[in-house]
Amino acid sequence: MEVRLEHLTKIFPARDKKSSEVIAVNDFDFTIPEGKLIGLLGPSGCGKSTVLYMICGLEKPTSGKIYFGEDDVTDIPSEKRGAGLVFQNYALYPHLTVRQNITFPLENLKGAEKLTKEQRNQKAEEAAKLVQIDGLMDRKPGEMSGGQQQRVAIARALVKMPKVLLMDEPLSNLDARLRLQTREEIKRIQQATGITTIFVTHDQEEAMSISDYIVVMKDGIFQQMDEPQKVYDDPVNLFVAKFLGTPAINVFEASVKDKKLYIGEDQVLGNVNIKDGPVWCGIRPEGFILKDDGALKCSLTGVNVMGRDTSIVSTNPNMTGINIRSIISAEDLKLNSKDSVRFDIKRSKTLLFDKDSEVRIYYD
Amino acid sequence: MTKSGVRKEGIKGTLTGWLYLLPALAFLGFFMIYPLIDVFIYSFEEGFNSASQTYFGIGTYNYRYVLRDPYFLQAVKNTFILVIITVPVSTILSLLISLALNSIEKLKKLFQTIYFLPYVTNTLAVGLVFMILFQKTPYTDGLVNIVIKAFGMTPVDFIEGPYWAKMLVLCVYVIWIVMPFKILILTSALASVNPIYYKAARIDGTSKPRIFFKITLPMISPIIFYLVITGFIGAFKAYSDAVAIFGTDLNASGMNTIVGYVYDMLYGDGGGYPSYASAAAIILFAIVLTITVINLIVRNRTAIEE
Ligand SMILES: Nc1ncnc2c1ncn2[C@@H]1O[C@H](COP(=O)(O)OP(=O)(O)O)[C@@H](O)[C@H]1O
Ligand SMILES: [Mg+2]
């Protein structure tokens, strides 16, 4: 089921006289295609949970509309929308067993939808099998690991076969190894069921690795929606560029003069077809080429070998942030000096942004 | 480290532990255990005289006397009725009020104060109020009777009238006295249930009653058990409540409680019988212990089944 948000806005009123109102979600307007896995990405407190809560009906939008397919569900109560939600902290009922937790939503069905006990149990078994916890049906949540609880929460959200599955930071309470494993699992479950899924995270790597599309937001404002690689290669503004990628993009104060890009005194690119003036210049870590007579002069701080790649840590007076991280493949690594290093930079990995608005400037 | 080293340290550690506990244990021993043992011994000493510290013999005579004393049997009956009525009624009423309080966000604080007032008010003062509400005097029939009359029914003397009327007043009084504490505990228990469970239940379209019975109630059940157990113990020990309404001669008004009987046997008009008092006290102790153990067993059983 396609999910369409039209000028969706949520304003939380001020709690008391000292605080001011919070615009948690500001004019969201985009469409989530059917059967895809969408990563909703943004820093903590930017309104991701609020978006999910509005889609499933736990929060009422201040203005705007939500469509499931052709149906306007904005004023439909949450239980009639057919959305399943996996909470950040799982919200499994601690006094019920796994089986009781999973059948809980089914026991609420009334009228024609009402199921017998056998049917309910069978559906619960199916959902449990899908998330591979079918051997743990009689345990209580407290007797399970975080990863297993997470699967139970997913099974509970899936058991009614929702039209839309919403997950609020489903991996944030897991340790690093389990997180990797579980995110693959989520991808597999989503593909197996074909349910349109929105997956919230503040971890860009997580979003990039499993999403069909990612939606980046900041302070309640929609920034960009596209395939992960496209957003990475082609961010619309400095915020998105900085938010995606590890190590993060290196940002310099730069300037354009006579179609040439300067970082300090160093002319790093030619053929820059924009008007003269200061710009932000972002260079991806893989955008550096180690070269004895390279254009960009930096002071060397250190070299980190991380398996296949080597990261050179250096500094430059015009950089922002604490250092410059560049990734060089190990065979190219030839350092002639202990304290200085020079790079040429790749045009395709160099992004320019307006100095004031931080909006992307295309310079070709 | 050698084995003996470990052992030494272990013994030393335990010793320090006991030393820390010593003041509390000494206090408990002196004021709780020692009197309990003493009472137990008195209860088997026939005709003990506290002035001369003498007795005739040792045996179960005191128990046989007490268990045949109609005043004691009346007191046991009164106490049991009081327990059986007030504990469930006050717990359920408190739960209903707490639920209502919990849903009225703005008035929560104010109401909590109002409902808590009886708890910090002297029981005798509350008793006085109850007198005004229920007592018949030459000048007035009491507020409740005035209301009863207004509905065209015959007024009842709640303080000196029929047994059921007096029992009713006593029960209402006890319920009234214990509710504030229960409401306070239950409102905080309800508030401590993580709202995320209610959100989850809402998405699944869970009805209000089902949310209450399947989520809220199990989650606050330890607190309810606590209130029921302490409620039982408190109601078994009721005494001042009856005095506040019916005066000190409770045997005459037929409204005595077990603790009241013990008191009367010691200090009342017909008192001066520490042996009988001790036997009655030990019987009460046995009853309360049994009920508490049963409560705990029931609680453990349900906890496992959940
Ligand atoms: N019920 C609420 N009342 C007031 N403010 C809220 C409420 N829920 C969230 N907010 C505010 O809205 C903003 C977005 O919150 P949230 O959607 O939880 O962010 P995220 O999930 O991205 O971390 C935050 O500034 C938060 O403080
Ligand atoms: Mg959140």
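Reader: Which element gives the largest share of the shell around ligand 1?
Author: This is a predicted model, where local features need pLDDT of at least 70, side-chain atom pairs count only at pLDDT 80 or more, and totals for chains, interfaces and linings use all residues. Residues are numbered from 1 along each chain as its sequence is written, with chains lettered from A and ligands numbered from 1 in the order in which they are written. Around ligand 1 sit A:F12, A:V22, A:A24, A:G42, A:S44, A:G45, A:C46, A:G47, A:K48, A:S49 and A:T50 (near means a C-beta atom, placed from the backbone, within 6 Å). Two elements of chain A give two or more residues, β2 (22-32) and α1 (48-56) (helices, H or I, at least four residues, and strands, E, at least two, are DSSP runs numbered from the N terminus), and the largest share, three residues, comes from α1(A).

Reader: How does that shell divide into nonpolar, polar and charged?
Author: Ala, Val, Leu, Ile, Met, Phe, Trp, Tyr, Cys and Pro count as nonpolar, Asp, Glu, Lys and Arg as charged, and the others, Gly among them, as polar. On that basis, the shell around ligand 1 has four nonpolar, six polar and one charged.

Reader: Are α3(A) and α4(A) parallel, perpendicular or oblique to each other?
Author: The axes of α3 (98-107) and α4 (117-130) of chain A come within 9 Å and cross at roughly 125° (lines fitted to C-alpha atoms, for helices over the stretch in contact, with angles from 0 to 180 degrees between N-to-C directions). Under 35 degrees counts as roughly parallel, over 145 as roughly antiparallel, 65 to 115 as roughly perpendicular and the rest as oblique. The two helices are therefore oblique.

Reader: Which element gives the largest share of the side of chain B that touches chain A?
Author: The contact takes 13 residues from chain B and 13 residues from chain A (in contact means C-beta atoms, placed from the backbone, within 7 Å). On the chain B side, α8 (195-203) and α9 (208-236) give two or more residues. The largest share, six residues, comes from α8(B).

How values were computed: Contact = placed C-beta atoms within 7 Å.
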